[in-house]
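Subject: Structure for you to look at

Hello,

Here is the structure I promised to pass on. Please open it next to this message and follow along.

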Amino acid sequence: MQTVEKIGERFWYMSPVSETDRPILGMVVGQDKTLMIDAGNSEEHAYYFLDELSKRQITKPDFVALTHWHWDHIFGLSALPDAVAISSSKTKVEMQKLLPLVWSDEELDKRVEEGTEIEFCASAIKKEFHSHRNVKIVLPQLTFEKKIEIDLGGETCVLQHVGGDHASDSVVVYIKEEKILFLGDCIYANIYAAKRHHTSKEVLRLLEQLEKFDANTYILSHWRPITKEEFQEEATLLRSIAVYTDSFQGDRDKIKEAYEKQVQRDLVEDEREVIEYFINAYQ
């Protein structure tokens, strides 16, 4: 069940759905303009969010910011014809590669077999578009290289390219007045690979960038909003495993032993998974 929640004075978001890979969608409501964060994984996803917001007297967005090129964040853009779509220049390049593709079950299966698509995404697309496959790739009208700042009237949004293993074009959205940092998927592992993985060098670089933002709330697209303390815990986990992976040259037992000593307890499933992702890249 998706729910729409409010954080602070002017930020709304809709919870994700794991089965069809619907990420969190956000809306920043300024005095003059509104900015939607990500377009959703289908027109239906975008429409549902806008309908729920309209019940709260929130108008349709003037802008929509795309965090990266993956299908679940951009397929809903065709439902937002009146909004100016904004992305990094890298995101537009990646989206252009999707224009000639066909999204039928047969073509999805073929691309999975070829290794140009992954089973997880193909399965989610089939579930989201179970009755009709009305996929229309709409390209962003406005792109930027490193950073762009948008004044919505009393609310300032900073869109900054940060990259990362998950997608090299990843952008975060920092809502200054609310001290909210919308991370999108940037701290997640690379899923478009033979094995899901984190690379030590890229994770350490990314964390250094993210920790420069003065944020109290962090939004992870496929999870939930988390506090500064929770983000710091996640960052400590990623940074520690990155360092141990390099120090112990990908030796699983030594990495596990060192991190257990650090946290003074047995590891939980999520921590063991993170270790595997780093080892996958090191190998």
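This is a predicted model: local features need pLDDT of at least 70, side-chain atom pairs count only at pLDDT 80 or more; totals for chains, interfaces and linings use all residues.

Start with the strands. Seven of them form an open sheet, in the order β1-β2-β3-β4-β5-β6-β7. The pairing is mixed. At the edges sit β1 (4-7) and β7 (142-144), and each pairs on one side only. From one strand to the next, the twist averages 25°. In general, strands of a sheet pair through backbone hydrogen bonds, either parallel or antiparallel.

A hairpin of 4 residues links β3 to β4. Look for Val28, which stands opposite Leu35 in β4.

Which way do the side chains of β4 point? Thr34 and Met36 point one way, while Leu35 and Ile37 point the other way. All four residues named here are buried.

Helix α3 lies across β6 (84-88) and β7. Its direction is at about 100° to β6.

**Two helix pairs**

Next, turn to helix α7 (residues 228-247), which meets α6 (residues 200-210) and also α8 (residues 252-263).

Take α6 and α7. Their axes come within 9 Å and cross at roughly 150°. An angle over 145° counts as roughly antiparallel, so α6 and α7 are roughly antiparallel to each other. The crossing is left-handed. On the α6 side, the contact includes Val203, Leu204 and Leu207. On the α7 side, Phe231, Ala235 and Leu238 are among the residues that take part. By class, this contact has 9 nonpolar, 2 polar and 3 charged residues.

Now α7 and α8. Their axes come within 10 Å and cross at roughly 140°. These two helices are therefore oblique to each other. Their crossing is right-handed. In α7, the residues in contact are Thr236, Leu237, Ser240, Ile241, Tyr244 and Thr245. They meet Ile255, Ala258, Tyr259 and Gln262 in α8. By class, the contact of α7 with α8 has 6 nonpolar and 4 polar residues, with no charged residues.

Note Thr245 of α7. Thr245 is listed in the contact with α6, and Thr245 is listed in the contact with α8 as well.

**Trp103**

Last, find Trp103. It is in the loop between α3 and α4 (105-114).

What does Trp103 touch? Leaving out residues up to four places away in sequence, its contacts are Phe75, Leu98, Leu108, Arg111, Glu117, Ile125, Arg133 and Val135. Arg133 deserves a look. Trp103 and Arg133 are 30 residues apart in sequence. In space, they are 7.0 Å apart, C-alpha to C-alpha.

Best wishes

Terms used
Residues are numbered from 1 along each chain as its sequence is written. Side-chain values use heavy atoms; hydrogens and water are left out. Axes are lines fitted to C-alpha atoms, for helices over the stretch in contact, and angles run from 0 to 180 degrees between N-to-C directions. Angles under 35 degrees count as roughly parallel, over 145 as roughly antiparallel, 65 to 115 as roughly perpendicular and the rest as oblique. A crossing is left-handed if the near helix is turned anticlockwise from the far one by less than a right angle, and right-handed if clockwise. Contact means heavy atoms within 4.5 Å. Ala, Val, Leu, Ile, Met, Phe, Trp, Tyr, Cys and Pro count as nonpolar, Asp, Glu, Lys and Arg as charged, and the others, Gly among them, as polar. Buried means under 20% relative accessible area, exposed over 50%, partly exposed in between (1.4 Å probe, protein chains only). Two strands pair if DSSP finds at least two bridges between them.
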